[in-house]
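This report looks at a pocket, a sheet and a loop residue, in that order. The sequence and the model are shown here.

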Amino acid sequence: MMIGNPFKEYERVYICSPYRGIVQRNVARARLYCAFAVAQDCMPIAPHLLYPQFMDDNNGSQRETAMVFALDLMKRCEELWIFDENGISEGMRKEIEQATDAKHAIQVRFMQHEFDEWFTARGGDEALILPTLEGSYA
């Protein structure tokens, strides 16, 4: 079982992946991207897994508020990790634009290839990996 070190300063990585579209699939993929970040000894920040729990993504005002919150969180991260398996969504584009803005610039990395290698090495089946998120990351 993986146990974090309470005395370590973990690198915060913002997970940039789609939410809209096929939401159930996109949420499952975002969870996997977060598991990948943890496996890389990083702290994943994925607001698109948090805010839809209590804010309506189909309500323009609530979606905009969630995006403002998400962009604020991103400013506190060391890196933006882009997972673009299904292309770049409107929300992802806003995140990338802010991450590369001179005032808020953070390191931007396209991580799809590294994730695909990690995922394949673990069997390449979401059903094999997602249940481990409830317990151990081993």
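## Largest pocket

Of the 23 residues that line the largest pocket, Tyr-19, His-48, Asp-57, Arg-63 and Met-67 lie nearest its centre. A pocket here is an open set of points on a 1 Å grid over the protein atoms alone, where a 1.4 Å probe fits, with protein on both sides within 12 Å along at least five of seven lines, and lining residues have an atom within 4 Å of a point. The model is predicted, with local features needing pLDDT of at least 70 and side-chain atom pairs counting only at pLDDT 80 or more, whereas totals for chains, interfaces and linings use all residues. Residues are numbered from 1 along each chain as its sequence is written, and side-chain values use heavy atoms, with hydrogens and water left out.

Helix 3 gives the most to this lining, with 5 residues (helices are DSSP runs of H or I with at least four residues, strands runs of E with at least two, numbered from the N terminus).

The open sheet is formed by 4 strands in the order 2-1-3-4, with parallel pairing (two strands pair if DSSP finds at least two bridges between them). Strand 2 (42–45) and strand 4 (107–110) stand at the edges with a single partner strand each, so one side of each has no neighbour in the sheet. Strand 1 and strand 3 pair over 4 bridges, and Tyr-14 has Leu-80 in strand 3 as its bridge partner.

## Ile-88

Ile-88 is placed in the loop between strand 3 (79–82) and helix 4. Although 70 residues separate Ile-88 from Pro-18 in sequence, their C-alpha atoms are 7.3 Å apart in space.
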